[in-house]
Amino acid sequence: MCGITGFFNRENAVELTIRALGILSYRGKDGTGAAGSGWVEYTDVPEKLCLPYVNNIIGHVRHTRASPTRQPLVYKGIFASNCEIYNWKELAATYRIDASNGPDLFVKLVEQRLHDENTNASDPIAIMQNICDALDLLQGVYAFAYWLEDVVYIARDIIGLKSLWYSSSKGFAFASERKALKSVGYTEIKELDPREVLAYDIRSGTVHRCTRDFFSIIPQHEDTFEQIAEQVQLLLENAVKVRFPDEPFGILFSGGLDSTILVYMCKKLGKIPGKDFKCYSVGLMGMQEPPDIEYARWVAQTLGFTLVVHQIDLEQVEKYLKTVVPLVEDTNVPKVGVALTMYAACKAAMEDGMRVMFSGSGADELFAGYDRHKRSTDISRDSYTDILNIYKKNTYRDDVVSMYHNIELCVPYLDKRLVEYGLRIPPQFKINAAGNKLILRRVAEKLGIPAQFTWRKKQAAQYGSRFDKAIDKLTRRAGYKTKTDYLEQYYHPDLKLGVLFSSGKDCNYAIYLMQQQSYAIECLITIKSINPDSYMFHTPNIDLAQLQAEAMGVPLIEQISQGEKETELEDLKKAIYRAKQEFGIEGVITGALYSNYQRERIERICDELGLKVFSPLWHIDQEKEMRQLLALGFRFIFSSVAAYGLSSKWVGRIITENDIEHLVKLNEKIGLNVAGEGGEFESFVVDAPMYKKRIEVREFEVIELDEYTAKAVITDAVLVDKADE
């Protein structure tokens, strides 16, 4: 519950540090400090820091609960952190370290290991490995910087609950929040991968990385359903217990399964004097109470705990949004809706004097609680990917919102030991036709929570609070076309994105959706595979991607690939790297729907290149996608078919609503994928809302391979004005 920053090899490092600490000051209101080679200074606010004129500085803003002692800490090296180490006392006893708190323990543990192993302090690779080994011992959440001799090391907890951003474009800089670096002129800002420890050599200006092992989904647990439920309960109870503060605290409460289990466990532990808590439920004020508040009241009355209800009207929603949107640095409507819910709850808790809040975040990802999991073909892999990428989607949002209110957020469902165990639970124990989060619902039953709460079907926070409806009303009242347009008046996203482009409907639809959220599309990236049976890449009519790029007015990068399995990924990496170098992209858009094979490999490449991945169609209902495409004005043909029920009559013509009806019937009859996700067909888009011109296909050749397999090879196509209909 602190903030850290640092600037290296910058002549104006003093000015940059003070300005960045000012941006981060709400994260720590109990003092600030800065340190460099041979000096350290502490004061109450960043503006009062009197620093020597040097090129290398580490800075810190402190919250007394997370850091009872002042930081940066200076021993053999300089250490600044935002951390909560739950097992620091046990580690101090085990390794015979005289430590006063978590940060103090960690830096002394690292330096003790460096001494005991006689590690060369000028060898960054050896020191990074030492840090990785020390991190494996920790139970907690953290982000830190450690400066030893001429190298600065940065790292964060392996799931990514504590945020950390960096840039190596002008010397080297890091900060707890992206906006702190952006405010002092940095543009090439990256979020640190939680699975990496990064080292910056001040003398050479080079960056080194060390990769940490993540969790695994194999081998799956062989215990019975009841045995696994018992173990989940024990791990979750321990996760709650180690986070239990020695002061009153709050719980973000929606009346759903996840938060109800936390309340029940906290109520049991809360019998200890001085460990009282209140639950906070929020929503839009109106004629009828929002569903989450209605259920929260019911659960609170039944189980007997204190509930604080905070309802706000439309004018207050608008007032909050002016802070929330720039705070989370995003205009994604669902993300803002959830952030608004958390903001309102944290504000109410802060006004009650709370400095700690518990959240049920992470349970849906770990135990398959989303609707999209019902359509998953590999629950274990999807849960793994959800947890792997949760830092890109949820944790930064939650961190900045809670920190803004000077509140430490505790997330027991993302406890390292629970996640490690939960990812290896057999998928049939998480979800089946009867319901989702099965193992967690069994835990609730074992705890004695009534069935009406255990099996409640809950809406997402932005809907259960009715804040999504509030944003919609404000959008229409202000005369904006979309909710994203309305939110953009408070913050404009500046990420530059490239698109993995195949010429088909999915990548085109993904572009449209991201443009609707005002992301800048800098280039298209097309892989032209010589192998028609490529595992990764679309091949029919791929030469016409250039025509589609011209229709959109977007540059196209093309990369030739032999299409050999796995080695073709090197060609993809080359193309994405080229897009990064030539167009400065910071992320990649994919049209992936259900293919874990493609998605995981793309994400791995982008992680290596320091790029974000956006897959806006992931697990979309296939029939819904097809109908939305036509409703939005997309026009596309099937360029190939290969499935029972289809034939050469399907290729080369515009797909209509009647065609979709036929595909739906084939799905009901033989299980055909309505959007062709099983390879039943490939598509080629001839017009779309973002096309400035449409494509007119003048000639094509139909090649019929058998009764159910055919392709249309376009031999003549041109761009025409849309007015020439």
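**Basis.** I worked from a predicted model, in which local features need pLDDT of at least 70, side-chain atom pairs count only at pLDDT 80 or more, and totals for chains, interfaces and linings use all residues. Residues are numbered from 1 along each chain as its sequence is written, and side-chain values use heavy atoms, with hydrogens and water left out.

**Sheet.** I looked up an open sheet of four strands, whose order is E25-E24-E27-E26 with antiparallel pairing. Its edge strands, each pairing on one side only, are E25 (681–687) and E26 (693–706). The average twist from one strand to the next is 20°. The angle convention is this: axes are lines fitted to C-alpha atoms, for helices over the stretch in contact, and angles run from 0 to 180 degrees between N-to-C directions. Strands (E, at least two residues) and helices (H or I, at least four) are DSSP runs numbered from the N terminus. Two strands count as paired if DSSP finds at least two bridges between them.

E26 and E27 (residues 709–721) run antiparallel and are joined by twelve bridges. Glu 699 has Asp 716 of E27 as its bridge partner.

For Cys 606, the nearest cysteine sulfur belongs to Cys 523 and is 12 Å away. Is Cys 606 buried or exposed? Cys 606 is buried, at a relative accessible area of 0%, whereas Cys 50 is exposed at 62%. The classes are buried (under 20% relative accessible area), exposed (over 50%) and partly exposed (in between), with a 1.4 Å probe and protein chains only.

**Salt bridges.** I recorded 54 salt bridges, each a side-chain nitrogen of Lys or Arg within 4 Å of a carboxyl oxygen of Asp or Glu.

- Glu 177 pairs with Lys 179, with the closest N and O atoms 2.8 Å apart. Both Glu 177 and Lys 179 are buried.
- Glu 625 pairs with Lys 505, the closest N and O atoms being 3.7 Å apart. Glu 625 belongs to helix H24 (residues 622–631) and Lys 505 to helix H20 (residues 505–516), so this pair ties together parts 120 residues apart in sequence. Glu 625 and Lys 505 are both buried.
- Lys 573 meets Glu 608 at 2.8 Å, N to O. Because Lys 573 lies in helix H22 (residues 568–583) and Glu 608 in helix H23 (residues 596–609), the pair links parts 35 residues apart in sequence. Lys 573 is partly exposed at 25% relative accessibility, and Glu 608 is partly exposed at 48%.

I also noted one network, joined by salt bridges that share partners, with Glu 177, Lys 179 and Arg 27 among its members.

**Nonpolar cores.** I looked up the largest nonpolar core, which has 119 residues; Val 232, Ile 261 and Leu 321 have the most contacts inside it. A nonpolar core is a set of buried Ala, Val, Leu, Ile, Met, Phe, Trp, Tyr and Cys residues joined through side-chain atoms within 4.5 Å. Helix H10 (residues 333–351) gives the most to this core, namely eleven residues.

Which residues does Leu 321 touch? Not counting residues up to four places away in sequence, they include Val 336, Leu 340, Ile 471 and Tyr 490, contact meaning heavy atoms within 4.5 Å.

Definitions and conventions:
Disulfide = S-S within 2.5 Å.
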